[in-house]
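Colleague: I am new to reading protein models. Could you walk me through a few features?

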Amino acid sequence: MNTSNLVVDSLSLAYTNSLGETLQVVTDLSFRVEPGQLCVLSGRSGSGKTSVIRALVGLLAWTAGSIKWGGIDLATLSETERADQRRKLTGYVDQEASLIPELSIVDNLLLPHLPDGRKAVLAAKQDAVDLLKKLGLDQRASWTSAKLSGGERSRAALVRGLAAKTGVIVTDEPTASVDRKWADKVIELLLAHAHDDGGMVIAASHDPGLAAVADVLVTLD
Amino acid sequence: MASWFSLLRLSPKTAGPRWAAAALVSGLVAAVSGLGFQVSVTVEDTLNENWRGLYDILVTARGQDFGAADAFGTVDPNFVATGGRYGISVDDWDLIREIDGVEVAAPIGMVGALRRTALAPSLQISSDPVTGISALRTNTFVALITSTVALTDVDEEQTVSKGTGRVWLQTQSGTDANGLPADHRSSGGGAPQGFSPLQTGHDLFVVPLGVLPAFSSNVVAVDPVAETMLLGEQAGAFLAPLVEAPITREPTSEWQHLMDCDAFSVQCAQIGGVEGGFIDAQSVVPMIVNRTQSRELTLRVSIALASESFPELENVDENYDEVMSWLESLPEASFEPWDSFETRIDGVLVPFSSADLSILLPGSVLPEGEGSQAFFSTAVQLQPRLLERPDFVAASESHGSTVELQVQPREVVGPSGLGQWETYEAGYGMDSSVGLVRAFHATSNSDGASGVLPAPIGTFSLSDISEPDVSEVSYVPTGVSGSASTWSVDADDTPIEVLPNLSGLDFITPAPGAFTDLAGGATLRGSTPIDAVRVRVAGVSAYTPEAQARIAEVAGQIALLGLDVRIVAGSSLQQVSLYVPEYFQEADGSWSDLGWVTQEWTTLGAAATVELALSGTTLVLAAAALAAGGFGLGATALINGRRLRPVVAGLGKIGWRSGYIRRRLALELLPPYVLLAAVSVMCWRLGPPNLSVLFLAAAGVAVAVFLAELVSGMRSARVAFPAGHDSGQGIASPAALAWALTRSRFSWAVLTAASSAVIAGLAALTAVALRDGIEQAGHTRLAELMLRTTQWMTVGIGVLGVGSAVVLLLLGYQAERASLANDTLVLTRVGFTRAVQIGIARRQQLFVALGCVVGAAITITAVSVVFGGWLACLVGGATLVLVIGARLIAGLFMGRNR
């Protein structure tokens with residue numbers, strides 16, 4: 001599995017509102033995550049967890065500090081390189097469980113492989129189906145995502161992240177929309193990805209259960 | 001609810017398109033109303049200004065068949081030429097004048113012809129009286145002389161007549177058998193007549209060059225007072241001498257006082273001769289003579305000298321027969337061209353004019369005291385020879401114009417009007433089959449009207465007869481002001497005017513050679529000297545139903561007299577194509593066709609036709625435009641309705657009763673549609689009456705679309721997408737993803753394709769309506785003017801409709817943006833690069849565009865099949881390109897910014 005370490009050094013994030021005022025969200029955040037580790041970003045609502053997650057996958061610009069994946073500063077990458085990195089190295093599972101509602105679940109899961117061609121898609125399909133089964137969605141595989149409940153959509157999005165085989169999974173509130181049973185299953189899969197498969201998981205979460213198993217716990221104020 | 005808030009704020013992206021669509025369609029309704037009103041006003045104004053010519057009703061004798069012209073609802077410009085077979089009496093004309101409502105009743109009839117005969121040109125040859133040296137520079141002159149009279153017709157020289165003769169002249173001294181000085185002796189012979197030189201004096205020879213054909217000019221009878229009323233004081237002023245002509249028509253010296261005896265010396269002498277008992281004539285026909293020089297006629301003499309000479313003879317008289325035999329035996333090849341010279345003899349074409357038909361051999365000098373020895377005459381025969389209108393039959397081939405006819409030849413004639421079997425015009429008047437396109441009748445004999453003398457008491461030129469206050473659009477030929485405009489085209493499509501044949505026996509009626517009054521007409525033609533009466537109705541001005549009814553009423557009363565009537569008010573000239581066969585004689589004697597020429601004929605009922613066509617076209621275009629707007633508005637409403645469903649569903653979930661939601665939603669949806677309905681009702685009340693039903697329908701559409709959006713919005717949100725496709729056959733490439741996304745949003749794709757089809761179909765229908773409108777309006781001058789003045793309005797209506805539909809389609813596209821934005825979000829988070837995303841978006845647009853092409857192609861094909869013509873395909877196709885282009889640009893642009 002293609003995994004490299006993550007070094008976040010003195011990261012600061014800020015937003016500018018419509019009045020031109022700057023709102024500092026994260027200040028001087030530093031942490032490091034190695035392959036085989038599960039890192040949890042915790043903190044109160046509005047503490048900047050999602051912002052940090054989005055910055056880690058190159059979807060949000062930061063105001064100071066650096067993010068280095070395998071020693072490569074994310075800031076030096078072009079937009080296209082960041083997109084490629086998201087698809088091949090740092091799979092991103094967002095809080096909204098973004099799926100294309102008109103596509104079937106399986107098709108949504110296989111989206112990351114489309115640019116690699118038909119062979120890659122077919123190769124990834126069986127793993128995706130297996131993961132769906134692990135998260136209880138195998139009966140929904142051919143459904144369009146519009147028919148899924150919120151929890152099911154959340155689980156489906158996580159499966160897409162896992163099925164992407166990116167080595168690193170960056171996920172935002174992976175257990176927020178699911179009940180305890182499925183939250184535990186999600187945690188189990190994330191741990192397996194980190195510990196058993198040598199991958200890396202970085203998750204923003206309120207879930208104490210997830211925080212409890214974290215190898216690296218970063219708390220945001 | 002504790003406080004008011006807008007439901008639509010929960011779905012903010014629907015309000016903008018709704019207001020924009022309603023405002024757009026309201027503007028469309030108002031614009032269509034305005035343009036329709038403008039068309040209506042323009043049509044009315046143009047008709048009021050151009051619907052009447054100088055007269056309103058053309059009255060002809062019953063049974064006078066206009067043949068092919070009638071079949072096309074036209075009157076050909078030869079309506080004065082009836083060959084005398086039909087006629088209206090002066091009594092009938094009086095009855096017409098007495099009908100209530102008749103302002104002017106102006107009679108006109110062709111009553112005879114002025115013919116100039118015995119026109120004999122000559123070649124004068126003299127020796128120099130001082131040196132005694134012959135101008136021929138030779139003692140013996142043996143020549144082949146060719147005399148040709150020619151004119152230019154359709155840009156080519158045409159031979160009117162041609163004669164050749166052989167001439168032998170010899171210088172000798174002494175006296176001849178008669179004791180006359182014999183410096184020169186002469187003899188001659190040869191075909192056709194043998195140019196036999198005459199020695200007219202001591203040192204002058206005159207070689208007659210044969211006799212020219214007789215040239216004729218038509219005499220037209222009018223009532224000078226009525227004609228002046230018809231033409232106006234200024235244009236009719238040339239007829240004043242006729243008004244003042246003596247009632248008695250006895251040939252007395254009083255006529256000589258009325259004539260310019262310097263200009264018309266022969267005619268003065270003739271009348272004087274009657275009074276003196278030298279000439280037998282009982283009656284005088286006064287006339288105003290046309291002095292217009294209409295054509296250029298050239299007399300050309302070519303001389304070829306014999307290459308061998310006859311031995312000089314001491315006594316010519318004794319050897320005359322021998323000389324003639326020798327002369328006639330000379331082969332034509334033995335003559336070598338020597339000289340050629342020409343002179344203009346146009347004057348022979350002008351009635352009563354003198355024309356010098358003599359040519360002096362270059363180098364000759366007229367002896368002192370010798371005058372021109374031309375054989376010409378200003379004497380004119382006044383013949384009761386009447387032209388008959390030409391025959392036309394259906395053209396054997398198509399020329400691409402609306403009215404196509406072929407002139408029916410009765411007998412081939414050349415530019416002189418001579419039949420090909422005739423050498424001279426002597427047979428004229430004896431055989432009614434002679435003439436290219438028209439027969440004529442001689443009511444008595446061909447030698448002239450017995451006992452009748454012409455009295456030219458005035459002159460005019462065609463430029464004097466400028467018909468005032470008549471626009472070219474409403475112009476109706478009067479029969480007095482010249483020949484019908486006729487033109488051909490050369491190889492470069494440059495128009496060439498075709499002038500009337502010299503004989504008048506042609507498809508173009510020549511301008512009158514002289515006018516006489518009805519009494520003069522009766523003298524020549526008998527009791528029915530009138531071919532047509534042109535009637536102007538009193539108390540008529542604007543083009544109103546009342547005015548038309550009044551004219552119809554007067555026409556009906558005239559018809560009760562047993563006469564044929566044709567209402568020419570509201571008519572206009574139209575170009576017709578005529579095929580003229582066998583017109584030119586080639587050098588080898590064969591005849592070639594003149595080919596297609598264009599002439600303008602009066603098309604009856606042009607005003608009503610144009611009005612109906614434009615009204616119909618405007619109605620169809622307006623209907624198409626409003627239908628396009630209505631369709632777009634409806635599509636936008638349905639899209640918006642679907643987007644309201646989640647809002648409605650959400651409010652239901654928090655406890656809002658559906659009745660309350662419906663009322664609130666209706667209240668908030670209503671304003672844009674109230675705007676549209678109000679504008680429509682206003683246009684219904686104030687707009688053009690012929691479109692009122694459309695505006696009423698537009699108001700109905702506003703209500704219907706409002707209800708449709710309300711009902712659509714209130715429907716419970718269904719699961720938008722049923723079970724998806726089997727992933728086993730799933731998406732394995734960006735192209736497949738694009739197709740899957742397009743297919744999964746089938747309703748949008750179908751709506752877009754349907755909209756394209758409707759828009760393209762409406763554009764095609766608009767083109768068809770315009771085409772049909774132009775066809776139905778006809779090809780008259782009036783139609784051309786009306787179409788020219790209203791075209792920007794009618795086309796504007798069509799463009800407004802199609803343009804509005806395109807804009808509405810783009811507004812509907814806004815709804816698609818939400819889906820596209822979600823696609824972008826997901827694909828970006830998954831890690832699709834921007835390039836890949838754009839590729840997918842482009843493919844989506846391509847698939848939709850293909851749907852548009854298919855939908856529109858079906859519609860355009862259907863329109864083309866049903867209504868026919870490539871125009872629909874062309875315009876529909878062009879619109880399709882526009883729609884697809886706009887759709888693609890919108891898709892890509894909006895896709896880039898999602």
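Modeller: We will go from the whole chain to single residues. This is a predicted model, where local features need pLDDT of at least 70 and side-chain atom pairs count only at pLDDT 80 or more, while totals for chains, interfaces and linings use all residues. Residues are numbered from 1 along each chain as its sequence is written, chains are lettered from A and ligands numbered from 1 in the order in which they are written, and side-chain values use heavy atoms, with hydrogens and water left out.

Colleague: How many helices and strands does chain B have?

Modeller: Helices (H or I, at least four residues) and strands (E, at least two) are DSSP runs, numbered from the N terminus. Chain B has 18 helices and 29 strands.

Colleague: What share of chain B counts as buried?

Modeller: Buried means under 20% relative accessible area, exposed over 50%, and partly exposed in between (1.4 Å probe, protein chains only). Of the 898 residues of chain B, 54% count as buried.

Colleague: Which residues have the most contacts inside the largest nonpolar core?

Modeller: In soluble globular proteins, nonpolar side chains tend to be buried together. A nonpolar core is a set of buried Ala, Val, Leu, Ile, Met, Phe, Trp, Tyr and Cys residues joined through side-chain atoms within 4.5 Å. Here the largest one has 152 residues, and F507(B) and F515(B) have the most contacts inside it. Helix α11 of chain B (residues 606-653) gives the largest share of this core, 15 residues. A second, separate core has 53 residues, including A128(A) and A738(B).

Colleague: What does F515(B) touch?

Modeller: Contact means heavy atoms within 4.5 Å. Leaving out residues up to four places away in sequence, F515(B) touches several residues, among them V220(B), F238(B), P286(B) and F460(B).

Colleague: Is helix α1 of chain A enclosed or open?

Modeller: Six of its eight residues (49-56) are buried, so helix α1 of chain A is largely enclosed by the rest of the structure. Among the buried ones are K49(A), V52(A) and L56(A). After α1(A) comes G58(A), with a positive phi near 80 degrees.

Colleague: Where is E404(B), and what is the nearest side chain of opposite charge?

Modeller: E404(B) sits in strand β18 of chain B (residues 404-407). Lys and Arg count as positive, Asp and Glu as negative; His and the chain ends are not counted. A salt bridge is a side-chain nitrogen of Lys or Arg within 4 Å of a carboxyl oxygen of Asp or Glu. E404(B) is buried yet has no salt bridge; R771(B), the nearest side chain of opposite charge, is 17 Å away. The contacts of E404(B) include S577(B) and W596(B).
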